[in-house]
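Please keep the sequence and the model in view while reading.

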Amino acid sequence: MDGCKYVDLVNLVCIIHFKDYPSYSFYTLSMMQTFQESLIAAGAGISLVDSVVAASKLSNKPPIGFALVRPPGHHAIPKGPMGFCVFGNLAVAARHVQRVHGLKKVFIIDFDVHHGNGTSDAFYDDPDVFFLSTHQDGSYPGTGKIGEIGHGRGEGTTLNLPLPGGSGDTAMRRVFEEIIVPSAQRYDAHVLDPLASLQFTTNTYHMLASNIKQLATELCKGRCVFFLEGGYNLQSLSYSVADSFQAFLDEPSLGIKFDDPAILYEEPLEKVRQAIQRVKHIHTL
């Protein structure tokens, strides 16, 4: 569907206050305010990218950007809303930074528990946007298989790593070191993304935020923007976001105050190792 027609359709649906959108967006309800709020969420991402790029021209250490917006965007597809997402906030911002600021390459890391199918679809045949997703294997919406690597000129610039249930801090450290870092170093990037949960603790998010920040400093003059996507437990979500800001400020994790080690169980590290090896083989890492 044409982008302008899609925006007009969403506006119409919200005006007449449909209870649901069509069947392909089963998990996306609309209200009178939905259209305006969705525009604000997408626009906030654009404004944030503009601010970070402008700051990077004045300093080699620009501030980290974090779009704390709702509704989220990474499930929204060209045909319509999906999975609580209306517009592809991150996809819109990524294309904006290319067309307006002339930053050709964009590197996106999505570590939500669910695969960001909408963001993936938007850039599936684009060689200038590398989309890397870690997500729980078998979770909604059922996309993001290891063999999905892009199409045409974009073949090789989509990397999916479905993780077994129970993967946590140790698994993500391995994924970051063995998959994310070499992928970003080989691609050479400009903008990064994230948020969600498997058996991730507050400390997991601090580790990811800190490492992504460092990676952006090394590869793209510190230009780094985070987008809030999933998160359905408001308490754990607030802890994870707060600890991400701790990492941005080079402060230690507060995970020891928030996390309960008693609820954790042994991670399926052998399955994680096997998944990592498959991805390494497919993408020659």
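Strand β2 (residues 106-110) runs parallel to strand β3 (residues 129-136), and five bridges join the two. Strands here are DSSP runs of type E with at least two residues, helices are runs of H or I with at least four, and both are numbered from the N terminus; two strands pair if DSSP finds at least two bridges between them. Phe107 has Phe130 of β3 as its bridge partner. Between β2 and β3 the chain passes through helix α4 (residues 117-122), in a β-α-β crossover that is right-handed; with the strands pointing away from the viewer, the path from the first strand over the helix to the second then runs clockwise.

The model is predicted: local features need pLDDT of at least 70 and side-chain atom pairs count only at pLDDT 80 or more, while totals for chains, interfaces and linings use all residues. Residues are numbered from 1 along each chain as its sequence is written, and side-chain values use heavy atoms, with hydrogens and water left out.

Strand β2 is largely enclosed by the rest of the structure, because five of its five residues are buried. Buried means under 20% relative accessible area, exposed over 50%, and partly exposed in between (1.4 Å probe, protein chains only). Val106, Ile108 and Asp110 point one way from β2, and Phe107 and Ile109 point the other way. In a regular strand, side chains alternate between the two faces of the sheet.

The whole structure holds twelve aromatic pairs. Rings of Phe, Tyr and Trp (its six-membered ring) pair if their centres lie within 6.5 Å; planes under 30 degrees apart count as stacked, over 60 as edge-to-face and the rest as tilted.

Phe111 lies in the loop between β2 and α4 and Tyr205 in helix α6 (residues 202-220), so the pair links parts of the chain 94 residues apart. Phe111 is buried at 3% relative accessible area, and Tyr205 is buried at 2%.

Phe245 and Phe248 are three residues apart in helix α7, which means a separation of about one helical turn. Phe245 is partly exposed at 33%, whereas Phe248 is buried at 10%.
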